[in-house]
Amino acid sequence: MSGIGEPERTTQNRVIDLFVKRLGWRYLGDWSERANTNIEPGLFTANAVARGFSEAQAAVALERLHREATNHTRSLYQNNKAVHELLRYGVAAKTDVSQKSETIALIEWAHSERNDFAVAEEVTLLGGNTRRPDVVLYVNGIAIGVLELKNSRTSVGHGIRQALSNQKPEFNEWFYPTVQFVFAGNDSEGLRYGTICTPEKYFLTWKEDEADDSDNKLDKYLLKLCDKQRILELMHDFVLFDGGQKKLPRVHQYFGIKAAQKRIGRREGGIIWHTQGSGKSIVMVLLARWILENNPRARVIVVTDRDELDSQIESNFAAAGEPMRRTTSGADLMALLSGAPTPRLICSLVQKFGRKDVENFDRFIRQLDENPQRPVGELFVFVDECHRTQSGKLNRVMKAVLPGAVFIGFTGTPLLKQDKQTSLEVFGSYIHTYKYSEAVEDSVVLDLVYEARDVDQELGSQDKIDQWFDAKTRGLNDWQKDELRKVWGTMQRVLSSRSRMGRIVDDIVFDFATKPRLNRHRGTAMLVARSIYEACKYYELFQKTVLKGRCAVITSYNPQAADVTLEETGAASETDKQFIYNLYQAMLAKVPQQSGMTRTEVYEEQAKQLFKKEPANMKLLIVVDKLLTGFDAPSCTYLYIDKSMQDHGLFQAICRTNRLDGDDKQFGYIVDFMDLFKKVQGAISVYSSELDHGAGGVDPEVMLHGRVTKGRERLEDAMEAIYLICEPVPPPRDDDAFRRFFCGNTEIATDLEERASLRAIFYKACASVVRAYANIADEMDLAGFTLQEVDSIKAQIADYVKLRDIIRNAAGEALDLKPYEADMRHLIDTYIEAKEPRKISPFDDMPLLEIIATLGIEGAIGTLPGSLKGNKDAVAETIENNIRAKIIKERVTDPAFYDKMSELLNEIIAARKAKAMEYEKYLQGLAELVATLGKGEVGGRPSTIKTDGQRALYNNLDRDEVTALRIDEAVKDMRQADWRGVPAREQEIKAAIYGVVQNIEKTEAIYAIIFHQREY
């Protein structure tokens, strides 16, 4: 057992030995006692001279490199980008005015053996706060990599966070403009890699030769990534500066591009199949850049079949520093290709290869083949979403117009069997594949959870329908009656759909009030409607809900007066076209005009940007066909489907929800109102199952899980995980035993520090188990749990939550603000302490209580949806749940008061369920409770207690007027602007409270109230 839990120093010694003996890097020594820089002039000059440059040239290059790395007017990102340009292309300079300018290469990319690869350890960085990275990698004296190591008991996340803090201005930001790789690792979790400013959640894991287990994972992947040739290649060909973010490739992107490079070298095409959401755009940009840099005659054309994809690809390349020319017409495209060797990077719609006036298509193709227009240069054609553009007439035209071009297809949608042979004929075999299950396993995309919701429809009165039909058909012949029956059949569907749509709207609004992410303004949703008319109808219905002003409709429609010229019938009602036109006109009335864009385009662009960047202000997009491909919005968590879909379209649509977006988004949710699950299964069953195994992947898979089944699995996994974390705690397993296990001796700082990662793992596990329970708390019976199991699970979770609070208090971490803790209390209060399943009514921000206060209880009931009014129990639960939601939401501001209100509500509910109260008396009790909630107090208060904050203190200090006022005065005297979230200022507030109450526990309780009271 002597080798268990080796110290960090042992790991570091082994890693240094690995770099020197196995990778061939030169050891520079322990640099803890010297003043270090990110550019070591002596090392750089020695290598430059060895490569044939003079010392004067080396000095010029060093001066330019230092100037770009230390530009104080730019950000770290901008300085790093400028340095990377110099590393790739060298420094153009001359040492004498009489000489020609010469390029001084900082790194010899093509000849790795001519570079000086060196490694130093304990590299002290002097600055505002001295830090000492464990290992720094130098190439020709330029610091290009930093490695933070931890022992196997300390989370690799600790090393990542340490590296991130080192990059802050107050620490050692000055060192990182030359750094290309940031590594963190330990022996238990292996290696993680990122670059400057990479958030912790986006640090990546490499996967290669998985069957080889001869080294531990840390050593194995240091050998892979820090191989001299590999690390130069990654720096030169795989670093991307993308619209303010520096990115490194994921492993599937790297090997996909490497495989494509081999094909291109043989002038062969093929298909790159990388699942939806895995970063095909990055592969396109990096591959196009490599082609253009390595073949001076090359020209790259990116072809799509939809205007929004065409626009998106153009913006993706531009953001990555690769501007491209977007064609405006077929003539423009042909002129660009045949007139000159530039532009070298072009994007175009496949439709621009077509001709509208072609009657004999085969003759047209023969003419193109016989009289080809030879384009200038060697063409490489990237066809995006190639499953849609791989066949048909336009593809044949494209092949004829671009003879000799190399075609590479990109897609992430499973190919149908009937399309597969055509795909292989057009593009060739698979170059590389990365299937859906692999992307989920690698945490590149999220798994999908499927839920079907049935909306029954029925006609109100068949007798009245028959009477209406008889009255309207008197005097008509059989043919006319038959035609009218057809029209009536359509009207039945429209009328039936109208009430059905109302129910769906209520259902979605309900989700926004209750579902995780949606009810915290972090998540958004898309609703797919069957037609533009229904999309507009949905939009109109949502304008009568709390989503008014926070939803938009995006379709292919653009209002023109000609649309309704022949629609006027003289009737009081609108035709479908009039309804659509009038709604769009009203919707666009306040949209500003922008040059080169219609008002519809401006409206849609504004809605999309809000949806992506401000989810609280644009919660729902209603679509028909647009945005279901090529639209990436990480906030999108739910997709509601009310349209018959199948195959490619269905798969691409559901993948709108699978983008990563923080720890609180764990799945993409598909809510199906059209009973499509059989079609989903059917589509999957006909997806091609014969992908080239040798190309790096197998059958693309889509895994849709039943929500409740998946929920049970997550809960059981979470319960097992937290049990295993706590299992080593020795008897008697009481509070003190757990405190010792997770904190050690709390009076010794090193004890707490050594167990910090263990506590972090427990906190995260506790958050996971609470979230997992919350997701199916109302459906534990459907998940197959017995009543005894439910009670046992609730008790265990409650114990874990208590234990978490004990540990946090003992460690002094009661104010831990890590992301996974953000909504812990809300979830606990809502699901674990609740006495019954929580069914929030379809009202956001509890306006129902305001209506009760204004109109009285009867008036409020009159505002409820018609489906509720006739059901006394439904009305009761709606009002009760609105009251409970307010109590839960406001409790943090005044626990004593709201706890009393909660007890009173529980008594009223219990009496109702026991039928001990007449309905009118019960409603009166609820109205009085709402009134009391509105006042925020019971039994009055002294005249000196004037504000809400003073009242909350008074209520929670056993109605001690003097103490409440003393605390109020002390806090207001001590507080500084924006004190929340600043630990030092928060401690000053606590000190002020403690000065009055002289009790730590009471101080924490009062501080929590003050923290949530707005007036402080």
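In the predicted model, the protein chain contains 38 helices and 24 strands. Of its 1016 residues, 51% count as buried. Among contacts between residues at least 6 apart in sequence, 70% join residues that are at least 24 apart.

Another open sheet comprises seven strands in the order 13-14-12-15-16-11-17, with parallel pairing. At its edges stand strand 13 (325-326) and strand 17 (430-434), and because each has a single partner strand, one side of each is left without a neighbour in the sheet. The pairing of strand 13 with strand 14 (residues 345-349) is parallel and extends over two bridges, with Arg 326 standing opposite Cys 347 of strand 14. Helix 8 (residues 251-265) packs on this sheet, where it touches strand 11 (270-274), strand 15 (378-384), strand 16 (406-411) and strand 17, and the direction of helix 8 makes about 175 degrees with that of strand 17.

Strand 19 (residues 524-528) is largely enclosed by the rest of the structure, because five of its five residues are buried. The cover extends to both faces of strand 19, with Thr 524, Met 526 and Val 528 buried on one side and Ala 525 and Leu 527 buried on the other. Strand 19 pairs in the parallel sense with strand 22 (residues 636-641) over five bridges, and also in the parallel sense with strand 21 (residues 620-623) over four bridges. Leu 527 takes part in both pairings, standing opposite Tyr 640 in strand 22 and having Ile 622 as its bridge partner in strand 21.

Among the helices, helix 27 (residues 756-776) includes Val 770, a residue that is buried because its relative accessible area is 1%, below the 20% under which a residue counts as buried. The C-alpha atom of Val 770 is separated by 9.4 Å from that of Met 719, which is 51 residues away along the chain.

Two packed helices are described by the angle between their axes and the distance between the axes. For helix 37 (residues 983-997) and helix 38 (residues 1000-1012), the axes come within 9 Å and cross at roughly 125 degrees, which means that helix 37 is oblique to helix 38. The crossing of these helices is right-handed. From helix 37, the residues in contact are Glu 986, Ile 989, Lys 990, Ile 993, Tyr 994 and Val 997, and these meet Ile 1000, Lys 1002, Thr 1003, Glu 1004, Ile 1006, Tyr 1007, Ile 1010 and Phe 1011 of helix 38. Classified by residue type, the contact of helix 37 with helix 38 has nine nonpolar, one polar and four charged residues.

Notes. Residues numbered from 1 in each chain as written. Predicted model: local features only at pLDDT ≥ 70, side-chain atom pairs only at ≥ 80, totals over all residues. Heavy atoms only, no water. Buried < 20%, exposed > 50% of the residue type's maximum accessible area, 1.4 Å probe, protein only. Axes fitted to C-alpha atoms, helices over the stretch in contact; angles between N-to-C directions. Parallel < 35°, antiparallel > 145°, perpendicular 65-115°, else oblique. Left-handed = near helix turned anticlockwise from the far one by under 90°. Contact = heavy atoms within 4.5 Å. Nonpolar A, V, L, I, M, F, W, Y, C, P; charged D, E, K, R; others polar. Pairing = 2+ DSSP bridges.
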